[in-house]
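Keep the cut-offs in view.

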Amino acid sequence: MVIDGFVLTLLTCIFVVLQIVGHKWIKKVTNCYFFWAAIGAFWFIWLCVFRFGPDWVRYSDWHIVSPGSYEDSFVTSKAFLLDVCPFAVIGMCISLMADPSRKAARALAPISLIGGTITVVSIAFDESVGAQLTAQFIFIGDDVNKCYFIMHFLQVVLAVGVMLNTPKNGWKGTLATFGTIVGYYCYVGIVMAATGCRWNVSGLSYNDWSPEGEYHFVSEIFNIPYKVCPYIGIPFLILVG
């Protein structure tokens with residue numbers, strides 16, 4: 001166990017508990033469009049400056065050497081949001097700004113919550129993340145994992161906040177979430193076919209589940225071959241979402 005990572009995971013859990021327990025006292029504020037729009041705008045700008053902006057600049061200057069290689073895929077994935085977590089958090093921020101009804105954010109919320117929770121919990125156990133109890137790591141990250149903690153933290157707390165304040169619209173809400181995740185995976189598949197990207201593609205490649213991939217901990221935790229993982233993990237995300 002990584003002590004600093006465990007503390008960050010625990011702090012996230014405490015924040016979520018406070019959200020749930022305190023909801024009835026602050027719901028007049030949290031039901032206001034401008035409250036969510038301000039939060040969405042602030043974190044959208046923050047993530048664009050410290051995470052997505054640098055990724056897009058890097059991709060524009062990048063010369064593909066070997067399509068499908070880890071290095072090329074890493075840059076391509078970040079630029080095109082092929083990892084479900086960056087997609088979910090940026091989608092949440094934009095929808096909170098653009099949609100006063102928060103229906104779009106509500107459709108994204110289950111996806112965001114699942115992806116964010118898995119990653120936040122893994123921080124407590126995955127030494128490769130390099131978790132540190134410093135303002136630099138918490139809010140900006142490092143050169144490899146920019147905004148790693150704050151992005152996944154936001155996924156969880158924004159999703160919980162939206163779900164508390166925006167009741168799901170019955171079967172239409174379920175269909176919207178299902179359509180969002182299926183549509184996103186179709187988008188990832190198209191970009192994979194066009195660019196040859198084979199790493200960091202939300203689990204659509206065996207590479208993501210391999211010992212070197214971002215979801216390597218799944219096969220380790222459940223003690224199953226990594227090539228079996230995508231057939232369990234992707235349907236789970238779609239169905240639970």
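Which element gives the largest share of the lining of the largest pocket? The answer is α5, with 7 residues. This is a predicted model, so local features need pLDDT of at least 70, side-chain atom pairs count only at pLDDT 80 or more, and totals for chains, interfaces and linings use all residues. Residues are numbered from 1 along each chain as its sequence is written, and side-chain values use heavy atoms, with hydrogens and water left out.

Start with the method for empty space. Rolling a probe the size of a water molecule over the atoms shows where empty space is left. Here a pocket is an open set of points on a 1 Å grid over the protein atoms alone, where a 1.4 Å probe fits, with protein on both sides within 12 Å along at least five of seven lines. Lining residues have an atom within 4 Å of a point. Grid points are joined across faces, edges and corners, and a volume is the space filled by probe spheres set on the points.

The largest pocket holds about 1,200 Å³ of space. Its lining counts 49 residues, and T119, Y148, E214, Y215 and F217 lie nearest the centre. Two or more lining residues come from each of α2 (33-61), α3 (70-80), α4 (84-98), α5 (103-122), α7 (148-165), α9 (216-222) and α10 (229-240). Helices are DSSP runs (H or I, at least four residues), numbered from the N terminus. By class, the lining of the largest pocket has 27 nonpolar, 13 polar and 9 charged residues. Ala, Val, Leu, Ile, Met, Phe, Trp, Tyr, Cys and Pro count as nonpolar, Asp, Glu, Lys and Arg as charged, and the others, Gly among them, as polar.

Now take the second largest pocket. Its volume is about 260 Å³. It is lined by 16 residues, with F15, Q19, F35, W36 and V157 nearest its centre. The elements giving two or more residues to this lining are α1 (3-30), α2 and α7. The class count is 11 nonpolar, 5 polar and no charged residues.

M1, F6, L10, L11, I14, L18, V121 and F125 make a nonpolar patch of about 780 Å². Patch residues have over 30% relative accessible area and no salt bridge, and nonpolar side chains (Val, Leu, Ile, Met, Phe, Trp, Tyr) are joined within 5 Å. Areas come from the Shrake-Rupley method with a 1.4 Å probe. α1 gives the most to the patch, 5 residues. F125 sits in the loop between α5 and α6 (135-140). F125 counts as exposed because its relative accessibility is 53% (exposed is over 50%, buried under 20%, partly exposed in between).

How many salt bridges does the structure hold? There is 1, where a salt bridge is a side-chain nitrogen of Lys or Arg within 4 Å of a carboxyl oxygen of Asp or Glu. R51 and D55 form it, at 3.0 Å, N to O. They are 4 residues apart in helix α2, so about one helical turn separates them. Both R51 and D55 are buried.

Finish with the loops. Most residues other than glycine have a negative phi. R102 has a positive phi, near 60 degrees. R102 lies in the loop between α4 and α5 and is buried at 6% relative accessible area. S202 also has a positive phi near 60 degrees. S202 is in the loop between α8 and α9, buried at 2%. N200 lies in the loop between α8 (170-195) and α9, and N200 is buried at 10% relative accessibility. N200 and L81 are 119 residues apart in sequence, yet 9.4 Å apart in space, C-alpha to C-alpha.

Definitions and conventions:
Patches are made of residues with over 30% relative accessible area and no salt bridge: like charges are joined within 9 Å, nonpolar side chains (Val, Leu, Ile, Met, Phe, Trp, Tyr) within 5 Å. Buried means under 20% relative accessible area, exposed over 50%, partly exposed in between (1.4 Å probe, protein chains only).
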